[in-house]
Amino acid sequence: MLSKKPVGCQLCRYWTNNGPSVAYCPLALRALEEREWPYHQEVMRLINGDNCCNPLSMGAIKKMVEEEVPGIYVLSLMIGKSVTEDTESGFFMDVNEQVAFACNKLAQDPKLKAGYNAMGFSQGAQFLRAVAQRCPNPPMKALISVGGQHQGVYGLPRCPGESSHICDWIRKKLNSGAYTDAIQKHLVQAQYWHDPLNDDLYKQHSLFLADINQERVVNETYKKNLMSLEKFVMVKFLQDSIVDPVVSEWFGFFKTGQAEQTETLQESALYKEDRLGLAEMDKAGKLVFLATDGDHLQFNREWFNAKLLPYIR
């Protein structure tokens, strides 16, 4: 006899840029027998400088979700052949290749075929959004972005942890030429670097962010796939000292031509022109904006359980 207790699978990996911390990890929960029970799956992904198996970050999130959702099956997705390669991919692997790798893994997992919820931490959030826009099978039901930078970043004000020396090097490279071919293809952070002072340069040469944000042309498939989400939850950290500007965590950014005044998603051309379907999703109640005190990715278990778990149960 099969138990009617839903189980699931979780893909865990850090796609980020801020050193060891809580980060981007997709989660996938699924029932044992889909003919009798609805899906219950979640896919998670994380931040820079971390990896699939860090017991102080991704491993802790994985354990917490398992404890809160009894019976969940967890699959940790490693980019590369080792934990070291997995960590390095958060800094140096082409993001489009990472997204394609993740899409392939999701499509090959039979436990995910009925659909899944996704939770992304820091840069992992915008990478998972790319999965939603580019890879509709299996279908993503809900996307939870925890500190993601959906309009990119313009600065790396602080990069703590054991990877801080790498971030210092990255900062120099970004300041000297973020949109050169060599840096765009090999430096992850450059691929969501958004320079409001050089808007045309960003739109022309950004290999990842400008594409998924429909800056050059409107890809109707991207729009259709994103609009198929049941919920798109975005979490902003009010004391964030790492993401610049912080409003990017709610899909806002600097007003074009300067780097001081910001605008909300609703004030942006992206929303007014509805190139991604976000305005229509907002009107339908599909967009959820959450805020919490604390620095980047700092939250406690009580908050996580109360605010985020309802979207993945």
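This report describes a predicted model of a protein, from its overall make-up to selected local features.

## Overall composition

The protein contains 12 helices and 10 strands. Of its 313 residues, 57% are buried. When contacts between residues at least 6 apart in sequence are considered, 71% of them join residues at least 24 apart.

## The contact between helices α4 and α9

Two packed helices are described by the angle between their axes and the distance between the axes. Helix α4 spans residues 123–134 and helix α9 spans residues 220–227; their axes come within 7 Å and cross at roughly 105°. Because angles of 65 to 115 degrees count as roughly perpendicular, α4 is described as roughly perpendicular to α9. On the α4 side, the contact is made by Arg129, Ala132, Gln133 and Arg134, and on the α9 side by Thr221, Tyr222, Asn225 and Leu226. By class, the residues of this contact comprise 3 nonpolar, 3 polar and 2 charged.

Met227 also belongs to helix α9. Apart from residues up to four places away in sequence, Met227 touches Leu276, Gly277, Glu280, Met281 and Lys286.

## The loop between α4 and β6

Cys135 is placed in the loop between α4 and β6. With a relative accessible area of 19%, Cys135 is buried, because the limit for that class is under 20%. Leaving aside neighbours within four places in sequence, Cys135 is in contact with Cys103 and Ala130. The C-alpha atoms of Cys135 and Asn225 are 8.0 Å apart in space, while the residues are 90 apart in sequence. Asn225 is also one of the α9 residues in the contact with α4.

Pro138 lies in the loop between α4 and β6, where β6 covers residues 140–146. Asn137 and Pro138 are joined by a cis peptide bond, with omega about 0°.

## The largest pocket

The largest pocket has a volume of about 250 Å³. It is lined by 18 residues, and those closest to its centre are Gln151, His194, Glu215, Thr256 and Glu263. The lining divides by class into 7 nonpolar, 6 polar and 5 charged residues.

Three elements, α7 (199–205), β8 (253–254) and α10 (269–272), each supply at least two residues of this lining. Helix α7 gives the most, with 3 residues.

## Backbone features in other loops

Most residues other than glycine have a negative phi, and most peptide bonds are trans. The residues below are described against that background.

A cis peptide bond runs from Asp244 to Pro245, with omega near 5°. Pro245 is located in the loop between β7, residues 231–237, and β8. Asp274 has a positive phi, near 50°, and is a residue other than glycine. The loop between α10 and α11 (278–283) holds Asp274, and this residue is buried at a relative accessible area of 13%. Leu297 likewise has a positive phi in a residue other than glycine, with a value near 60°. Leu297 is found in the loop between β10 (287–292) and α12 (301–307). Its relative accessibility is 2%, so Leu297 counts as buried.

Gln149 is in the loop that runs between β6 and α5, the latter covering residues 164–177. The relative accessible area of Gln149 is 1%, so this residue is buried. Residues up to four places away in sequence aside, Gln149 touches Ser122, Gln123, Gln126, Tyr192, Val243, Ser248 and His296. Among these partners, Gln123 and Gln126 fall within the residue range of helix α4, 123–134.

Technical notes
Residues numbered from 1 in each chain as written. Predicted model: local features only at pLDDT ≥ 70, side-chain atom pairs only at ≥ 80, totals over all residues. Heavy atoms only, no water. Axes fitted to C-alpha atoms, helices over the stretch in contact; angles between N-to-C directions. Helix = DSSP H or I, 4+ residues; strand = E, 2+ residues; numbered from the N terminus. Parallel < 35°, antiparallel > 145°, perpendicular 65-115°, else oblique. Contact = heavy atoms within 4.5 Å. Nonpolar A, V, L, I, M, F, W, Y, C, P; charged D, E, K, R; others polar. 1 Å grid on protein atoms, 1.4 Å probe; cavity = no way out; pocket = protein on both sides within 12 Å on 5 of 7 lines; lining within 4 Å. Points joined across faces, edges and corners; volume = space filled by probe spheres on them. Buried < 20%, exposed > 50% of the residue type's maximum accessible area, 1.4 Å probe, protein only.
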